[in-house]
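Take a moment with the model before reading on.

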Amino acid sequence: MERTNAIHEGKAKIIYATTDPNQVIMYFKDEATARNGEKRGTIQDKGIINNKISTYFFKLLKDRGIPNHYLGTPEPRDMLVKKIEMIPLEVVVRNIFAGSLAARFGKEEGTPLSMPIVEFYFKCDELNDPLINRYHAIALNIARLDELNEIEHLAFSINAILKEILNAKNVDLVDFKTEFGRDENGKIMLGDEISPDNCRFWDKDSKRKLDKDVFRHDLGSPEEAYQEMLRRLTE
């Protein structure tokens with residue numbers, strides 16, 4: 001499948017049209033950003049690693065019955081995906097207090113939640129992706145109630161599957177961000193990526209971070225953290 005013109009460029013990926021109008025290619029970049037773009041840098045081979053990790057998770061989830069846009073990995077930085085209409089929501093699933101959730105409630109990072117929770121954020125850089133609830137999403141015509149119910153169901157299912165897999169790799173799934181879209185028939189399916197860029201992965205024993213927090217908070221070598229996460233998944 002040949003890629004043609006770029007149709008969108010984000011912080012971590014470029015989306016290219018292809019010769020098939022129903023398929024696009026996601027190109028994974030090495031550029032890294034944090035704090036809504038205030039911090040910028042490069043993580044060597046991040047694009048290749050994130051593509052491999054996302055491929056691993058998308059294949060696994062598809063095998064477990066989670067509909068997603070993944071079609072193939074034709075090049076080290078390219079992922080071929082089904083073209084879907086993305087819903088402007090960041091859907092965050094949290095298992096452990098960390099990041100903004102810990103700050104919001106004055107909890108120590110690493111404190112387990114009594115149950116997983118799902119949060120919705122309106123995907124809008126100009127507004128710094130504000131936290132919203134399902135009433136906002138419906139009133140703003142972002143998604144219907146039945147779609148939000150399906151998104152929540154899928155998010156919790158994805159969480160359960162990923163936790164099971166990562167437990168076997170001695171990794172805690174602290175939280176992760178997902179995005180969903182609609183296919184040509186209106187079916188809700190998982191899109192975007194699943195990687196250290198949008199997940200918090202901690203070593204179960206040492207609580208060492210194996211994700212973008214290493215870059216975000218200058219905690220050492222992000223290259224080593226990303227490579228270690230890939231190694232754990234693929235060995």
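A residue counts as buried here when its relative accessible area is under 20%. Keep that cut-off in mind, and note that this is a predicted model.

Start with the whole. The protein holds 6 helices and 15 strands. Its radius of gyration is 17 Å, close to the 18 Å that the globule rule gives for 235 residues, so the protein is as compact as a globular protein of that length. The C-alpha trace spans about 45 × 40 × 35 Å along its principal axes.

How much of the chain is buried? Of the 235 residues, 52% are. The exposed surface comes to about 11300 Å². Carbon and sulfur atoms supply 50% of that area. The protein carries 35 positive and 40 negative side chains. The centres of these two sets lie 2 Å apart.

Contacts also reach along the sequence. Take those between residues at least 6 apart: 56% of them join residues at least 24 apart.

Now turn to strand β2, residues 13-18. Here 6 of the 6 residues are buried. In a regular strand the side chains alternate between the two faces of the sheet. In β2, Lys13, Ile15 and Ala17 point one way. Ile14, Tyr16 and Thr18 point the other way. Residues on both sides are buried, Lys13 among them.

Which strands pair with β2? One is β1, residues 3-9, which runs antiparallel to β2 and is joined to it by 4 bridges. These two strands form a hairpin, with 3 residues between them. Another partner is β3, residues 23-28. It too runs antiparallel to β2, and 5 bridges join the pair. The hairpin from β2 to β3 passes through 4 residues.

Ile15 shows both pairings. In β1, the residue His8 has Ile15 as its bridge partner. In β3, Met26 stands opposite Ile15.

Finally, look at Val118. This residue is found in strand β10, residues 112-122. Val118 and Val92 are 26 residues apart along the chain, yet their C-alpha atoms are separated by 5.6 Å.

How values were computed: Residues are numbered from 1 along each chain as its sequence is written. This is a predicted model: local features need pLDDT of at least 70, side-chain atom pairs count only at pLDDT 80 or more; totals for chains, interfaces and linings use all residues. Side-chain values use heavy atoms; hydrogens and water are left out. The radius of gyration is taken over C-alpha atoms; the globule rule is 2.2 Å times the number of residues to the power 0.38. Buried means under 20% relative accessible area, exposed over 50%, partly exposed in between (1.4 Å probe, protein chains only). Contact means heavy atoms within 4.5 Å. Accessible areas come from the Shrake-Rupley method with a 1.4 Å probe; for residues, only the protein chains shown count as cover. Lys and Arg count as positive and Asp and Glu as negative; His and the chain ends are not counted. The place of a charge is taken as NZ of Lys, CZ of Arg, CG of Asp or CD of Glu. Two strands pair if DSSP finds at least two bridges between them.
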